Amino acid sequence: MASGGYPRGVKIGVDVGMVRVGVAACDRDGLIATPVCTLNRDSRKNRDLRLLLRNIEDLSAVEVFVGLPRNLSGTESASTAMARDYAAALVEALSGAGLDVPVRLIDERLSSVSAHRSLRQAGLNSREHRKVVDQVAAVEILQHAIDTQRSLERDVGEPVVQHRRRNLDHPSSASSEESEITQTYSGRKEEQ
């Protein structure tokens, strides 16, 4: 952690969808988020997670923000659960790869709507939107996170933490440890 209460360096933004995952990154100073790529979701073989992991490693990222698509009322939906599951799987993959990179969930209400609006204003038609809208949404998620960090001078979002627990049936067996992914919340409502 830097003296400002949040890590300094390249950060990654992730927009998780049913079909695609948008990825964005910011510069080392955390000023500007830019698109990186769009990954095709592969829930059977997790190829998208492996490619995301490679991006995190190649960019020497210090933090990852996964968009959490809550309803306008703040309630959660199936999409919210999907983003939480993806973030938990990412934490597990990072841990398995020996990478100590924190993952945080960041409220992304309306990021896709805003991304579509930005693309329309840029003159792209709806068909062209599909190719890049996930990246643009990831940029908006990340830009919101880094702007808020800078403004508040502290980290933002809900940390996703991996916990290990021993199987109580076989407490002495080292192989009986199982990984339990849980999400721990900061207890603070995230500022918008």
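A residue counts as buried under 20% relative accessible area, as exposed over 50%, and as partly exposed in between. This cut-off is applied throughout the predicted model described here. Arg-150, for instance, has 32% relative accessibility and is therefore partly exposed.

The overall fold comes first. The chain contains four helices and seven strands. Along the sequence, these elements follow the order β-β-β-α-β-α-β-α-α-β-β. The chain has 192 residues, and 44% of them are buried. Its exposed surface comes to about 10,500 Å². Carbon and sulfur atoms account for 48% of that area. Contacts across the sequence were also examined. Of those between residues at least 6 apart, 65% join residues at least 24 apart.

Helix α1 covers residues 47-58. It has twelve residues, so at 1.5 Å a residue it should span 16 Å. Its end C-alpha atoms lie 16 Å apart, which agrees with that expectation. The buried residues of α1 are Asp-48, Leu-49, Leu-51, Leu-52, Leu-53, Asn-55 and Ile-56. Just after α1, Ser-60 adopts a positive phi of about 50 degrees.

Charged pairs were considered next. Side chains of opposite charge can pair when their charged atoms come close. The structure holds nine salt bridges. Asp-48, at 2% relative accessibility, is buried because its value falls under 20%.

A second bridge joins Arg-70 to Glu-158. The closest N and O atoms of this pair are 2.5 Å apart. The pair links distant parts of the chain, its members being 88 residues apart. Arg-70 sits in the loop between β4 (63-68) and α2 (78-96). Glu-158 belongs to strand β6 (residues 158-165). Both Arg-70 and Glu-158 are buried.

The side chains of Arg-150 and Asp-147 meet at 2.7 Å, N to O. Both residues lie in helix α4 (residues 126-152). They are three residues apart, which is about one turn of the helix. Asp-147 has 33% relative accessibility and so counts as partly exposed. Arg-150, at 32%, is also partly exposed. Salt bridges also form a network. Its members are Lys-11, Glu-63, Arg-104 and Asp-155.

The C-alpha atoms of Pro-69 and Thr-80 are separated by 5.2 Å. Along the chain, these two residues are eleven residues apart. Thr-80 is also among the contacts of Pro-69, once neighbours within four places in sequence are left aside.

Conventions. Residues numbered from 1 in each chain as written. Predicted model: local features only at pLDDT ≥ 70, side-chain atom pairs only at ≥ 80, totals over all residues. Heavy atoms only, no water. Salt bridge = Lys/Arg side-chain N within 4 Å of Asp/Glu carboxyl O. Buried < 20%, exposed > 50% of the residue type's maximum accessible area, 1.4 Å probe, protein only. Helix = DSSP H or I, 4+ residues; strand = E, 2+ residues; numbered from the N terminus. Contact = heavy atoms within 4.5 Å. Expected span 1.5 Å × (residues − 1). Areas by Shrake-Rupley, 256 points an atom, 1.4 Å probe, with all protein chains shown as cover.
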